[in-house]
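Dear colleague,

My notes on it follow.

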2 protein chains.
Amino acid sequence: MTTERSSSAQPLRLAVIDTDSGFLQVLDKRLERLGWEHRTLASPVPVDALVAMRLSALVVDLAVLGPSAWDYLERVCTEMPGLGVVVCTGQSTVAQRVRGLRLGADDWLGKPCHPEELIARVEAVVRRRRRSDAREERPAVAAGELEIRADRFQAFVDGVSVDLTRREFELIELLAASEGRVLEREEIYQRVWGYAMVRGDRSVDVFVRKLRQKLEKTSPAWRYIHTHFGVGYRFAAERADGTEPPADVADAEPAAGAAVAFSSS
Amino acid sequence: MTTERSSSAQPLRLAVIDTDSGFLQVLDKRLERLGWEHRTLASPVPVDALVAMRLSALVVDLAVLGPSAWDYLERVCTEMPGLGVVVCTGQSTVAQRVRGLRLGADDWLGKPCHPEELIARVEAVVRRRRRSDAREERPAVAAGELEIRADRFQAFVDGVSVDLTRREFELIELLAASEGRVLEREEIYQRVWGYAMVRGDRSVDVFVRKLRQKLEKTSPAWRYIHTHFGVGYRFAAERADGTEPPADVADAEPAAGAAVAFSSS
DNA sequence: CCGGCGTGTGAACATCCGGTGACCGCCGAG
DNA sequence: CTCGGCGGTCACCGGATGTTCACACGCCGG
């Protein structure tokens with residue numbers, strides 16, 4: 001029953017590369033009703049431009065892409081691994097469909113098709129991404145002296161803003177959300193920047209440095225971002241001096257016996 | 001890093017609920033060739049049983065499910081959010097397909113269909129699943145006093161880091177994963193370094209030594225890596241003194257939730 | 001019991017990696 | 001049209017790692 005399923009709590013961002021005006025019209029109307037942010041493109045745009053759109057999913061008619069369709073599809077899928085890609089195109093053979101899917105497309109729907117089915121497929125494709133990325137709506141996270149407020153797009157120490165820029169914030173937010181885990185640069189880059197990192201890019205390192213600088217200035221007694229040589233970074237609030245190892249997952253500690261050590265000092 | 005990692009290495013685990021013997025036969029053959037662990041079920045099995053199979057993906061023909069198909073589908077998708085679900089069934093209407101996808105199915109393919117397309121779609125679904133929710137969910141492996149945490153790229157003894165470098169970690173991770181089995185240098189090199197070992201290369205030996213040193217320092221009472229002269233190395237936690245002979249090899253294979261026998265053999 | 005490999009070491013050497021600081025181009029605000 | 005903030009690149013460098021060597025030592029077959 002009309003489970004209108006507000007799964008779309010957060011607006012999806014969708015781009016459609018197609019030229020079938022009739023189809024687009026109906027689709028547009030439907031998308032509008034759903035409240036999805038969408039944009040239709042009559043011709044293939046540079047991959048960079050797509051990246052800039054920060055899309056959740058992309059629907060594309062291979063026919064519109066012309067001869068370099070396969071190449072384009074592959075590049076899009078490679079450079080934006082997190083993007084949901086649904087090919088919606090006319091007549092096709094099994095071989096073509098298999099090829100498209102193997103290149104990275106998430107689904108393939110033949111035309112003519114019902115807009116509702118296309119939407120359902122896009123939802124299905126995006127659904128998984130959501131599930132994992134599902135760390136939305138978190139008012140605030142705390143670690144050490146740090147308090148990260150997603151709603152303010154800012155981190156604070158004792159109420160004082162650390163004065164992070166957007167990227168810096170997104171980075172620390174990701175790290176903090178994965179507290180304790182070591183994140184590899186590629187993963188960080190992909191999740192913060194949205195597309196694949198090219199080998200040799202030092203952006204992550206540079207931003208980590210900027211973050212560390214600001215955090216150091218605002219919260220000198222703590223260390224938050226730890227480097228794992230040859231791997232990546234790990235977020236964990238630790239005092240500058242060895243004091244108080246964060247008792248972390250650790251093991252069954254002194255449990256009973258050991259009367260709690262008073263933090264007299 | 002080209003670390004394509006074991007992502008592709010670990011076999012997929014797939015179950016197919018269908019009765020079309022002809023189709024199944026072809027599919028089976030193909031899956032066999034791909035090296036996927038698979039199992040076909042002629043009738044819907046309890047969701048619990050499915051859970052026990054630890055599947056990566058499930059292919060199901062709604063027709064086989066009978067009247068409670070929708071309900072079954074929904075339950076499966078709800079209880080196993082990480083499972084890739086591909087409906088592969090006969091004639092269907094747009095409304096049915098939309099319903100199936102909305103209930104949680106990841107893809108819907110009509111019959112008759114080409115096995116290759118079905119496989120490509122399953123791959124696409126699994127690919128997405130891995131990419132998103134994926135990332136390491138390997139809690140930790142333990143052996144002796146050792147605890148190997150993949151999410152930290154590090155091994156611990158009683159909560160204390162053994163302080164391994166990336167290579168060292170990958171090496172011990174591989175060895176531990178093959179606990180009890182003797183691995184030849186060539187294989188080790190191939191799997192850790194990613195390419196063929198040139199004759200005369202002592203890298204593996206050197207790293208084994210480094211590992212042994214660090215492990216010895218952190219966990220003196222145990223021996224983990226054993227040399228098999230003229231062959232290679234074997235991982236097995238054993239006390240330094242002869243104490244506690246490895247219990248019974250009784251073959252620690254009970255673990256595997258392999259409650260069901262997959263035709264992976 | 002002896003000599004030949006295959007392995008364990010330790011250290012020198014060659015690379016790779018990550019921390020920095022400087023610099024550049026884009027863009028919105030003034 | 002400027003100016004300043006921000007995101008992103010570069011080149012340099014010290015240190016962490018990985019690789020290669022030469023040698024000592026132990027396991028094996030004769």
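This is a predicted model: local features need pLDDT of at least 70, side-chain atom pairs count only at pLDDT 80 or more; totals for chains, interfaces and linings use all residues.

Residues are numbered from 1 along each chain as its sequence is written, and chains are lettered from A and ligands numbered from 1 in the order in which they are written.

**The DNA strands**

The surface near DNA strand D draws at least two residues from each of α7 and α9 of chain A and α7 (166–177) and α9 of chain B. Helices (H or I, at least four residues) and strands (E, at least two) are DSSP runs, numbered from the N terminus. By class, this surface has 5 nonpolar, 5 polar and 10 charged residues. Here Ala, Val, Leu, Ile, Met, Phe, Trp, Tyr, Cys and Pro count as nonpolar, Asp, Glu, Lys and Arg as charged, and the others, Gly among them, as polar.

DNA strand C is surrounded by 18 residues, the closest being A:Asp205, A:Arg209, A:Thr227, B:Asp205 and B:Thr227. Two or more residues of the surface near DNA strand C come from α9 (203–218) of chain A and likewise from α9 (203–218) of chain B. That surface consists of 6 nonpolar, 4 polar and 8 charged residues.

**The contact between the chains**

In all, 29 residues of chain B are in contact with 30 residues of chain A, contact being C-beta atoms, placed from the backbone, within 7 Å. On the chain B side, α5 (94–103) and α6 (115–134) are the elements that give two or more residues. The largest share comes from α6(B), with 11 residues. This side of chain B has 8 nonpolar, 4 polar and 17 charged residues.

Chain A has 9 helices and 12 strands, and 30% of its 265 residues are buried. A residue is buried if 20 or more other C-beta atoms lie within 10 Å of its own, exposed if 12 or fewer, and partly exposed in between, with C-beta atoms placed from the backbone.

Strand β4 (residues 84–89) of chain A has 6 of its 6 residues buried, so it is largely enclosed by the rest of the structure. On one side lie A:Gly84, A:Val86 and A:Cys88, and on the other A:Val85, A:Val87 and A:Thr89. β4(A) runs parallel to strand β3 (residues 57–60) of chain A, with 4 bridges joining them; strands pair if DSSP finds at least two bridges between them. A:Val59 stands opposite A:Val86 in β4(A). Strand β5 (residues 107–110) of chain A also pairs with β4(A) in the parallel sense, over 4 bridges, and A:Cys88 stands opposite A:Leu109.

**The nonpolar cores**

A nonpolar core is a set of buried Ala, Val, Leu, Ile, Met, Phe, Trp, Tyr and Cys residues joined through C-beta atoms within 7 Å. The largest has 74 residues, and A:Val59 is one of those with the most contacts inside it. Leaving aside neighbours within four places in sequence, A:Val59 is in contact with A:Leu14, A:Val16, A:Val86, A:Cys88, A:Leu118 and A:Val122. Another core, of 47 residues, lies apart from it and includes A:Ile188, A:Val204, B:Ile188 and B:Leu215.

In helix α8 (residues 185–193) of chain A, A:Ile188, A:Tyr189 and A:Val192 are buried. These residues cover an arc of only 95° around the axis (taken from the directions from the helix axis to the C-beta atoms), which puts them on the same side of α8(A). They pack against α7 (166–177), β10 (182–184), α9 and β12 (232–239) of chain A. After α8(A) comes A:Gly194, with a positive phi near 95°.

A:Val204 belongs to helix α9 of chain A and counts as buried, with 21 C-beta neighbours inside 10 Å. Beyond its neighbours within four places in sequence, A:Val204 is in contact with A:Arg185, A:Ile188 and A:Tyr189.

With kind regards

How values were computed:
A residue is near a molecule or strand if its C-beta atom, placed from the backbone, lies within 6 Å of it. Two residues are in contact if their C-beta atoms, placed from the backbone, lie within 7 Å.
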